[in-house]
Amino acid sequence: MSLRDKVEGHELDLSLNVLTDIPVKELAAASKATHLDLSCNHIQSIPNDFATLTHLMKIDLSKNKIKELPANFGNLVNLQYLDLYGNEITNLPVSFSRLKNLKWLDLKNNPLEPKLKNIAGDCLNEKECQECAKKVVAYMQTIESELERERQKKLKAAREKEAVERAKIEQELEEQRRLKKLEKEKRKAESRAKREAQNLQQNDIQSNHERNSNLQNKSEDEQLKANKSKGVSCTQIFLYIIIAVCFIALIGFVWGIHVEYFSVSDVKSVAEKVAVALHSFIFEVKELVLFYVPKVKEFCLKIIHRYMTNVTYFASQIEQLLALYH
């Protein structure tokens, strides 16, 4: 015989059947039975899926060996009558607070914890069982509120701790960013100092080169000036000697004619000799000019080469400086 066949009206009586487990699936199939009697069996525990039997309005679990109710027992929101007399229950689940339709409750002969036992009372009559249901549900609601406050407190503490940890992490990240920025600025400063040192070194090299070049040019100019002055002095002396010789020759010539020391024919002979000597002198001067012109040309080319070298060096230094800034 199935459980459906045992349903009489809205009641299903399974008492005194030596049951150790509750047949939840069969009870779910017999949804017409809203009053369930499981008293006087050997049931020790109630499965979690028992709370899915939300059609139940009256449950009698008295005189079993039940030690605790499932945590989701409060899902039986339509429950109005609950008899737990003569079991081994010490406490009730927090979800019991959701049984707002519970009108009757009997917890006698259970090893309840003292405070719950005091609230439940003796349940010696109908009125006391009704009061028990009302007070126990209210008590469990208070416990639920306290647990919720405690949960919120823990949640708040966890959030604060998380916020502190997050702030600490953010602070560490900010410190890392600051150190990274300082390191970057330090590298920039070092690079700038290096460039400035290079520029100073280049300027010093350029200044030294310019100074040496100026000194060399000055020395060469002084030497050229001295040579020029020396050359001018020699030329003047040479001219003076020629003039003096010519003047003496003229005086000798006049004196010779006057004393008739030599004749006109002698003068012509002397003139011819002078012409030959002059021609020889001019030839020697020409040879000297042809000899010294290449040397003067070479000297001029050396001066031009030196100045071109200086210009090329300065141009390369300027290119290096421009490359550093780019």
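Asp 106 is buried, with a relative accessible area of 5% (buried means under 20% relative accessible area, exposed over 50%, and partly exposed in between, with a 1.4 Å probe and protein chains only). Its side chain meets that of Lys 108 in a salt bridge, 2.7 Å from N to O; the term covers a side-chain nitrogen of Lys or Arg within 4 Å of a carboxyl oxygen of Asp or Glu. Lys 108, for its part, is partly exposed at 22% relative accessible area.

Before going further, bear in mind that this is a predicted model, where local features need pLDDT of at least 70, side-chain atom pairs count only at pLDDT 80 or more, and totals for chains, interfaces and linings use all residues. Residues are numbered from 1 along each chain as its sequence is written, and side-chain values use heavy atoms, with hydrogens and water left out.

Now for the overall layout. The chain has 5 helices and 6 strands, and reading along the sequence gives α-β-β-α-β-β-β-β-α-α-α. Helices (H or I, at least four residues) and strands (E, at least two) are DSSP runs, numbered from the N terminus. Of the chain's 326 residues, 22% count as buried. Take the contacts with a separation of 6 or more: 41% of them are between residues 24 or more positions apart, contact meaning heavy atoms within 4.5 Å.

Asp 60 makes an interesting stop on the tour. You'll find Asp 60 in strand S4, which covers residues 58-60. Asp 60 is buried but has no salt bridge, and the nearest side chain of opposite charge, Lys 58, is 6.9 Å away. (For charge, Lys and Arg count as positive and Asp and Glu as negative, while His and the chain ends are not counted.) What the Asp 60 side chain does have is a polar contact of 2.8 Å with the side chain of Ser 62. A polar contact is a pair of N or O atoms within 3.5 Å; within protein, one must be able to donate a hydrogen and the other to accept it, and residues adjacent in sequence count only if both atoms are side-chain atoms. Setting aside neighbours within four places in sequence, Asp 60 is in contact with Leu 36, Asp 37, Leu 38, Ser 39 and Asp 83.

Back to charge pairs: the whole structure has 7 salt bridges. One of them joins Arg 178 and Glu 175, at 2.6 Å from N to O. Both residues lie in helix H4, 3 residues apart, or about one turn of the helix. Arg 178 is partly exposed at 41% relative accessibility, and Glu 175 is partly exposed too, at 34%. Arg 177 pairs with Glu 170, their closest N and O atoms 3.1 Å apart, and a network of salt bridges links Glu 170, Glu 174 and Arg 177.

Last comes the surface. The chain exposes about 23,700 Å², with carbon and sulfur atoms supplying 59% of it; accessible areas come from the Shrake-Rupley method with a 1.4 Å probe, and for residues only the protein chains shown count as cover. A nonpolar patch of about 1,000 Å² includes Phe 238, Tyr 240, Phe 281 and Ile 282. Patches are made of residues with over 30% relative accessible area and no salt bridge, joining like charges within 9 Å and nonpolar side chains (Val, Leu, Ile, Met, Phe, Trp, Tyr) within 5 Å. Helices H4 (126-258) and H5 (264-325) each supply at least two of the patch residues, and H5 gives the most, with 6. Ile 282 is found in H5.
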